[in-house]
Amino acid sequence: MTTPFENLIRATLSDLAEEAPPVQDQLTPAERRVRNRRRTTMALSAAGTIAAVLVATPFAIASTRTDAPRPAAPSARPTPSPSVSFDPSARPSPRESFRPPVPIASSTVPGRLPDGRLPMPAASPSPAPEQVSPGLRMPAASPRPSSPRVSPSPSVPPPQPSPER
Amino acid sequence: MDEDDRARLAEFVAGRTPALMRVAYLLTGDRHAAEDLFQSALAKTIPKWRTLRHTDPEGYLRTVMYREQVSWWRRLRRRRETALTGDGPIQPDPSGGTDVRLAMRAALRRLPPAQRTVLVLRYYEDLPEARVAEVLGCTIGTVRSRTHRAVTRLRQLLPDVELLEVRR
């Protein structure tokens, strides 16, 4: 149902519409707006990409660095893994004052055990202290080359198996 | 856009600009704002002209204009409406309703763009509520509530209009 008030709204809107000013060519300025908008979009996209790169690059570089020291380069002489070469059941012979390092003297292939086998994959270069009882630890058989009692020189005779073994 | 598309676009703009400018003028209430609204809507239509030329480019352009006008209000851009007449009471004159029309025109320009857009679509374009809701991208309830608020606001702005009509 149309009220007089709504009729008045219609009439007023029609009057207003008739007063709309005539305009000239609107296509040219509209095309100019399209070009400007496209140019602005491209510029803003490039600026956003550059800003994202500038922000993300330091984080990416920082994420690749860690505080821990870098692992040492592999040495020419192999370092035996005590946890692998150590036999808990082995007991030092009473005639031997020390147990020479197992692999170095007789091993000709780096990274191999004295008998030529490859170490187990689960072998860890740092033996866990709770896995080896202090009584079984043999400090004289330190595999470190700096130990004066363990000479990796070939003059050291190959390890002699214990008669008990 | 090739030459054929551009020729069709120029023909469309030249043929439909007066009608579309009337709608833009009703929506904005100002000549310069109407031109700006029309050019802005046309600038959004031109990139899609290749897909619109075989469908309904005028409907698309009108929809862009309506939504752009409401969007301007939402984004609180600077108001482009011009200052209007004073708020004094409307006195009857013997000129045959001119005072009522002028008062209604001033009151229409004081409406928010969203409410004015609904009024233009409902009372100038004579679109049903469902079509208005589709054009504006809102629900029918929103259209009804906006229409009701707009009419109520007009009645508040023109308390003497119905009284003046009764006197005649």
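This is a predicted model: local features need pLDDT of at least 70, side-chain atom pairs count only at pLDDT 80 or more; totals for chains, interfaces and linings use all residues.
Residues are numbered from 1 along each chain as its sequence is written, and chains are lettered from A and ligands numbered from 1 in the order in which they are written.

Start with the overall make-up. Chain A has 4 helices and 0 strands, where helices (H or I, at least four residues) and strands (E, at least two) are DSSP runs, numbered from the N terminus. Its pattern along the sequence is α-α-α-α.

Next comes burial. A residue is called buried if 20 or more other C-beta atoms lie within 10 Å of its own, exposed if 12 or fewer, and partly exposed in between, with C-beta atoms placed from the backbone. On that count, 10% of the 165 residues in chain A are buried, against 33% of the 168 residues of chain B.

Contacts tell another part of the story. Two residues are in contact if their C-beta atoms, placed from the backbone, lie within 7 Å. Take the contacts in chain A with a separation of 6 or more: 75% of them are between residues 24 or more positions apart. For chain B, 68% of the contacts between residues at least 6 apart in sequence join residues at least 24 apart.

The two chains also touch each other. Here 25 residues of chain A meet 31 residues of chain B. On the chain A side, helix H1 (4–18) and helix H2 (27–64) each supply at least two residues, and H1(A) gives the most, with 13 residues. Sorted by class, this side of chain A has 16 nonpolar, 3 polar and 6 charged residues. For this sorting, Ala, Val, Leu, Ile, Met, Phe, Trp, Tyr, Cys and Pro count as nonpolar, Asp, Glu, Lys and Arg as charged, and the others, Gly among them, as polar.

Two helix pairs in chain B deserve a look. Axes are lines fitted to C-alpha atoms, for helices over the stretch in contact, and angles run from 0 to 180 degrees between N-to-C directions. The axes of H7(B) and helix H8 (residues 140–157) come within 8 Å and cross at roughly 105°. H7(B) is therefore roughly perpendicular to H8(B), given that angles under 35 degrees count as roughly parallel, over 145 as roughly antiparallel, 65 to 115 as roughly perpendicular and the rest as oblique. Their contact has 5 nonpolar, 1 polar and 2 charged residues. H6(B) and H8(B) pack at about 100° with axes 9 Å apart, which again makes H6(B) roughly perpendicular to H8(B). By class, that contact has 5 nonpolar, 2 polar and 4 charged residues.

Finally, two single residues. B:Ala107 sits in helix H5 of chain B and counts as buried, with 22 C-beta neighbours inside 10 Å. Its C-alpha atom is 6.2 Å from that of B:Leu154, 47 residues apart along the chain. B:Asp126, in the loop between helix H6 (113–124) and helix H7 (129–136) of chain B, is exposed, with 9 other C-beta atoms within 10 Å. Most residues other than glycine have a negative phi, yet phi of B:Asp126 is positive, near 55°.
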